[in-house]
Amino acid sequence: MLLQVGVLRAGLGLLAVRRARWPCRRTHTSTQNLEHKPIKKVMVANRGEIAIRVFRACTELGIRTVAVYSEQDTGQMHRQKADEAYLIGRGLPPVAAYLHIPDIIKVAKENNVDAIHPGYGFLSERADFAQACTDAGVRFVGPPPEIVRKMGDKVEARTIAIRAGVPVVPGTDAPIASLQEAQEFANTYGFPIIFKAAYGGGGRGMRVVREYEELEENYQRAYSEALAAFGNGALFVEKFIEKPRHIEVQILGDKYGNVMHLYERDCSIQRRHQKVVEIAPAAQLDPHLRDRLTADSVNLARQVGYENAGTVEFLVDKHGKHYFIEVNSRLQVEHTVTEEITDVDLVHAQLHICEGRSLHELGLKQDKIRINGCAIQCRVTTEDPARGFQPDTGRLEVFRSGEGMGIRLDSASAFQGAIISPHYDSLLVKVIASGKDLPTAAAKMNRALAEFRIRGVKTNIPFLQNVLSNDQFLYGTVDTQFIDENQELFNLKPVQNRAQKLLHYLGHVMVNGPTTPIPVKAKPSPVDPVVPMVPLGDPPAGFREVLLREGPEGFARAVRAHQGLLLMDTTFRDAHQSLLATRVRTHDLKKIAPFVAHNFSNLFSVENWGGATFDVAMRFLYECPWRRLQELRALMPNIPFQMLLRGANAVGYTNYPDNAVFKFCEVAKENGMDIFRVFDSLNYLPNMLLGMEAAGAAGGVVEAAISYTGDVSDPMRQKYSLQYYLELAEELVKAGTHILAIKDMAGLLKPQASRQLVGALRNRFPDMPIHVHTHDTAGAGVAAMLACAEAGADIVDVAVDPMAGMTSQPSMGAIVACTKGTKFNTGISLEKVFDYSEYWEVARGLYAQFDCTATMKSGNADVYENEIPGGQYTNLHFQAHSMGLGNKFKEVKKAYVEANKLLGDLIKVTPSSKIVGDLAQFMVQNSLTRTEVEERADELSFPLSVVEFLQGHVGIPHGGFPEPLRSKVELERGKTLHIKALALGDLNKAGQREVFFELNGQLRSVLVRDTVAMKEMHFHPKALKDVRGQIGAPMPGKVVEVKVKAGQKVEKGQPLCVLSAMKMETVVNSPLAGTVAKVYVTPDSSLEGDDLILEITE
């Protein structure tokens, strides 16, 4: 009262009386004079992690707990952690509910609550709340109301500090009442200045103003934020100290005048005046400065008779001078680091002091408090550092924390399925790391943050990791401008999020169906094929009899000595792989097999197994490929069978262990396989040698195949020159191949190139049988094969006429007819080829849904440019139609050329052709050019096949891996996702369905918009990014103020509206000058990110 009337002498007298009383109070701290009143039930008038922190302390002390929650917090964890939980603030806005004192007191009284802990924020520094608790007969876990009032009033706290001899920053003596007062202060002290909320902290209501033009807008924003956060918009103004350290001292006081400190914390790493990382003790702090800070803190607390926990905050300038800022008469967010270095449980201490215990009784003596190591706290928030720390909201689809030695987690809303709303603070979890020193604690923190997996919302974890790796942070000192002056902290490593992206895609397919509908509407033919007449008895002897009698070497000699051109029939495998997606069933193959055995016994072989046939049989036809081999062997005992063996890949798409390849070949030989065409998609010799060895060890005929690409007749193309093929052939012959094959998967062999290549091989290896395989994509296959025969080839591949041409092999009938009467006569009856063709012409109709002619009407000579293998050409064309890119197939083919160049000009055979195709489709789908792929390689999520190729999984390409692409692509090994779809949820109010999966054994779910249901629901329109005048919400939040109206002219940079999210306000400014055409929001409108705010016409 004396101070209020301004009588200075009386005021000083009052302080003197208080000082005189303290020794008396301290002398009555013996156990017999203490008044203990145990607490049996505590309510926490707060939410989130601080509520849970207090509940845990209460449980440890045997105290029953009570939670309160707003209507928006019904699903929050803090209400589940308490013994009892009650709704407050029914019908009120989210923050207002926790500020509604009557409701809180009512719940406390109705449920026999002994004490209320305010936590931090909300009502924690409201003297009227502390008084309301006292008036209701409920203890307030904190200082008495009068001390809360004095410390909460920043101006009065400043006055007390001055009287206690504590240095302060120049500022107003009382809260300012108008903008004019702020202007007068600025005129007196100059800029920069800072507005601060008079009745709260935490960065709310705090704005730095550096020039006169910013003064009015920042005054309004600071006032509005303070009013929203603390229920009182009063502000005071201070001179802003540039680049200070922010040091605070933790204090404890009991009811008997005892006050102590628990050393300091460094809270200098801030953004928008909100602490991001806190450290205890402060790094490289001068011991004398530490003594002054702690002594001033204790003296200031004693000046007012401080009780319970509190924090005295200081700014320390670059000269080591410290200035008092404020006293936070509550528990701080960062109290955790003090607990870690002092081993003092501050919440326990708060509760015991509230019960009437003395510091001495609690074993808390100043001379016993020691600093033990170092502790760091990181506030993991749902904010996006890449967008100016804009708050992000949504559902936590995934939450996995980092743990382990030296790590403490304080959290509440951090669990899978939690909803992060825009109504409250963005804090998700506090991570506290402890170690012997700062670098050790930082290493533990970095490791823990790296273990976190948070999906569904953006977080500041990548930013925190950059801070923790910064040399200035680790080995120097930081100030409050640390973030602003170290822009490299914003060079954020992108989060891959592969698993969740995949789940979203799968969920979308489950809810809305495939977005790539099959374009083929054809139905299978109702007519069954008729099998031509087959004579009774055993089929005539064929080349297999030679193989069984003379072995692989004798078989090879017989083939080389044979007069005429030998044929291999691919109808049973590669032909239907190229034309019918490998879908022909064993049933239809078995029906025609006896006819082939009786009428084409002089075939070199029938290709009927291996490659894609193996996996398609199991994955799509649900047949056993081994049984197919056994049954066809029984029906065609006289003709050798040939299979495709992908070297070390066997019949798969990745390298297998050597013993697996050896065993596979052994079992294949036992079940009827004769000839193993061994190849490698990159002509990588070590992979081929493994396959050759395995086939030879099994007793099979080894046919080493050189995969062909390029054009040996073109002198301008030298990567795959004639010399390259001759040297490779030399190695294969040395390795012991029985037959030498040329595998021209794309059909690139032109007649002239055929003569050159086969002629050179025949001259180099006169006794070696030569076998040529090609595709007829360009329509020149027959001419090329005849040229090969003329140049010395012994065997060429063909397919029966209805299964030939286009991306399949050349026509059997055409080769038979063209060689008839020549020295290359095949010895095959053309009439029997016609009968054979009649069967397959009808049989092909049974597979109309898979027929390439549904989307592809002819071959194309552009294969000489794009070099797409035959079977893949068909698949790519089909996929382009499926993805709605049927009219862009030309672009897909062009992208294939560019993708091939990006990968270093590969030989394109399965699986290397798939790698090029995957990259080509990736480029088309994402509208990427070759240059853009190279420039952005370090941030793009490439197809897995491309990554594994660059890792060397399929071998080393001729000429090495492409650079700089390979160095830029992030190569990760050992990442396998096991996904199982579980269930589909009901439609929610937002037009979404929850889709449940099991991922690597853990439950995961994603929310997917139901596109059909959403057509019947109303949603706020979104701003279109390509429409210049549409202004969207930069973040989710609530509209506080709309500053313009329709028809109003605006200038570029003019404020349009103010958004509030997580108690922080953001001004949306106009990006252009023009006229407001339409406003789509009103005050209190709730917006999601990119919701349309207004439209401006230029």
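Is the crossing of α5 and α6 left-handed or right-handed?

Author: The crossing of α5 and α6 is right-handed, a term for a near helix turned clockwise from the far one by less than a right angle, anticlockwise being left-handed. The model is predicted, so local features need pLDDT of at least 70 and side-chain atom pairs count only at pLDDT 80 or more, while totals for chains, interfaces and linings use all residues. Residues are numbered from 1 along each chain as its sequence is written, and side-chain values use heavy atoms, with hydrogens and water left out.

Helix α5 comprises residues 101–110 and helix α6 residues 127–135; such helices are DSSP runs of H or I of at least four residues, strands are runs of E of at least two, and both are numbered from the N terminus. Their axes come within 10 Å and cross at roughly 30 degrees, where axes are lines fitted to C-alpha atoms over the stretch in contact and angles run from 0 to 180 degrees between N-to-C directions. That angle makes α5 roughly parallel to α6, since angles under 35 degrees count as roughly parallel and those over 145 as roughly antiparallel. On the α5 side, Ile101, Ile104 and Ile105 meet Asp128, Phe129, Ala132 and Cys133 of α6, contact meaning heavy atoms within 4.5 Å.

Helix α14 (residues 438–451) packs with helix α15 (residues 461–468) at about 160 degrees, the two axes being 10 Å apart. The pair is therefore roughly antiparallel, and α14 passes α15 in a left-handed crossing. Ala442, Met445, Asn446, Leu449 and Ala450 in α14 meet Ile461, Leu464, Gln465 and Leu468 in α15.

The annotated positions come next. UniProt, in an unreviewed entry, places the feature "binding site" at Arg646 and Thr910; its positions follow the numbering used here, feature names are shortened, and annotations may be inferred rather than shown by experiment. These residues span 265 residues in sequence, yet no two of their C-alpha atoms are more than 8.2 Å apart, so they gather at one spot. Both Arg646 and Thr910 are included in the lining of the largest cavity; on a 1 Å grid over the protein atoms alone, a cavity is a set of points where a 1.4 Å probe fits but cannot get out, and lining residues have an atom within 4 Å of a point.

Arginine 646 is located in the loop between β25 (641–645) and α24 (658–670). Its relative accessibility of 3% counts as buried, the classes being buried under 20%, exposed over 50% and partly exposed in between, with a 1.4 Å probe and protein chains only. Apart from residues up to four places away in sequence, arginine 646 touches Gly611, Ala612, Val651, Gly652, Tyr653, Phe679 and Thr910. Threonine 910 occupies the loop between α33 (889–902) and α34 (912–925) and, at 17% relative accessibility, counts as buried. With residues up to four places away again set aside, the contacts of threonine 910 are Arg646, Tyr653, Phe679, Ser681 and Met745.

Several other loops hold backbone features. A cis peptide bond, with omega about 0 degrees, joins phenylalanine 191 to proline 192, and proline 192 is in the loop between α9 (179–189) and β6 (193–197). The bond from alanine 280 to proline 281 is likewise cis, with omega near -10 degrees; proline 281 belongs to the loop between β11 (274–280) and α11 (287–304).

Positive phi values occur in two residues other than glycine. Aspartate 343 has phi near 60 degrees; this residue lies in the loop between α12 (335–342) and α13 (346–355) and is exposed at 63% relative accessibility. Threonine 582 has phi near 65 degrees; this residue lies between α20 (574–580) and α21 (586–599) in a loop, but is buried at 6% relative accessibility.

Two further loop residues complete the account. Aspartate 153, between α7 (145–152) and α8 (154–163), is buried with a relative accessible area of 12%. Beyond its neighbours within four places in sequence, aspartate 153 is in contact with Ala198 and Tyr199. Glycine 736, in the loop between α26 (722–734) and β28 (739–743), is partly exposed at 39%. The C-alpha atoms of glycine 736 and valine 702 are separated by 8.1 Å, although the two residues are 34 residues apart along the chain.

Notes
On a 1 Å grid over the protein atoms alone, a cavity is a set of points where a 1.4 Å probe fits but cannot get out, and a pocket is an open set with protein on both sides within 12 Å along at least five of seven lines; lining residues have an atom within 4 Å of a point. Angles under 35 degrees count as roughly parallel, over 145 as roughly antiparallel, 65 to 115 as roughly perpendicular and the rest as oblique.
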